[in-house]
Amino acid sequence: MIMKRIILSLLVLMMFVSCAPHKNIAYDFVKKSKGASVAFYVPNELKKTNMRTDCKPENPEFASLDEAQLQDTINSRIKILNSIDNEVFLNVMIASFEETLKDYNLTLNYWENDNKTPDSLHWIVDLSHMEIQETIGHQITTCGAEGNYELFPVTRINVASWFDLLNGDNHELVFTEQNYEDYIVDCQYSLDSVNNLIANVEFHNVSLDGFYDFAVMLGKLYAGYTFDFFMNEYVKKEMKKKGKEYSDEIFMRYDPYEAYIYYTTSDRLVRINE
């Protein structure tokens, strides 16, 4: 057991030593990117799709309904998708993106009007396509004092975004998606009139206001993701320039509030061809 711990400690130490050059170069990028101007573009339209399984017209429960009744029933089950105001959602997200850029010492500036081209201090972030889907997902929670596991359906709003990123050295197509969904607050058991055990669950449900708050989070996330992507591309270029090994599996994120760089495997933008 002691030998296993020693070997594990050595492996962890080797990993940090091997990644040290990556971090040093990443901190160099943080310094060199200060004051960069970022032009951020969003789509004119958002693709919104109802993917709820309880809204499929072929569901047997809809068999006796006429067209008008069917549409009314489907619309009554859609929680927020049909109420989303594209302009409000995008404006909230853009404002959050702009505010977060300041934390990275960057500025929102549509510099192309000055006849410049993308370079290390002039970036283009083109959110070329965004899809919003309302679906039904599932969450597992423990219930009652017994702590039994129960599975419940929840409303889930998936936001998928495709970006075209340019900063002179790089021109990349990337993707990310996030979910805003109901979450379970509490679950307790009770008995019905014939002593059957029933799980009573309390939800914090999705709402339109909550979705616009989610847009604030997306703006923050997209600003950070953009910075991290260009930072990692810079590290890759510098490592290869020095003839050193580099792996795309080593992906770093920068925390501007703690001035700290850390590693991640999934919290990132993904190239379309990955």
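Figure 1. N205 counts as partly exposed, at 46% relative accessibility. The structure shown here and in the views below is a predicted model. N205 belongs to the loop between β8 (197-204) and α4. The C-alpha atoms of N205 and I184 lie 8.6 Å apart in space, while the two residues are 21 residues apart in sequence.

**Figure 2. Salt bridges that involve strand β4.** The structure holds 14 salt bridges. In one of them, the side chains of E131 and K47 meet at 4.0 Å, N to O. This pair links distant parts of the chain, E131 being in strand β4 and K47 in strand β2 (residues 47-50), 84 residues apart. E131 is buried, with a relative accessible area of 17%, whereas K47, at 45% relative accessibility, counts as partly exposed. A salt bridge also joins the side chains of E134 and R52, at 3.1 Å from N to O. Because E134 lies in strand β4 and R52 in the loop between β2 and α2 (67-77), the pair ties together parts that are 82 residues apart in sequence. E134 counts as buried, at 0% relative accessibility, and R52 counts as buried at 6%.

**Figure 3. The salt bridge between K237 and E238.** The closest N and O atoms of K237 and E238 are 3.9 Å apart. E238 is buried, since its relative accessible area of 12% is under 20%.

**Figure 4. The largest cavity and its lining.** A search of the whole structure finds 1 cavity of 30 Å³ or more. The largest cavity has a volume of about 40 Å³. Its lining is formed by F229, N232, E233, K236, Y246, D248, F251, R268 and R271. Helix α4 (residues 208-241) provides the largest share of this lining, 4 residues.

Figure 5. I140, Y149 and L151 make a nonpolar surface patch of about 400 Å². I140 is placed in strand β4 (residues 122-143). With a relative accessible area of 61%, I140 is exposed. Strand β4 also holds E134, which counts as buried at 0% relative accessibility.

Terms used
Residues numbered from 1 in each chain as written. Predicted model: local features only at pLDDT ≥ 70, side-chain atom pairs only at ≥ 80, totals over all residues. Heavy atoms only, no water. Patch = residues over 30% accessible without salt bridge, like charges linked within 9 Å, V, L, I, M, F, W, Y side chains within 5 Å. Areas by Shrake-Rupley, 256 points an atom, 1.4 Å probe, with all protein chains shown as cover. Helix = DSSP H or I, 4+ residues; strand = E, 2+ residues; numbered from the N terminus. Buried < 20%, exposed > 50% of the residue type's maximum accessible area, 1.4 Å probe, protein only. 1 Å grid on protein atoms, 1.4 Å probe; cavity = no way out; pocket = protein on both sides within 12 Å on 5 of 7 lines; lining within 4 Å. Points joined across faces, edges and corners; volume = space filled by probe spheres on them.
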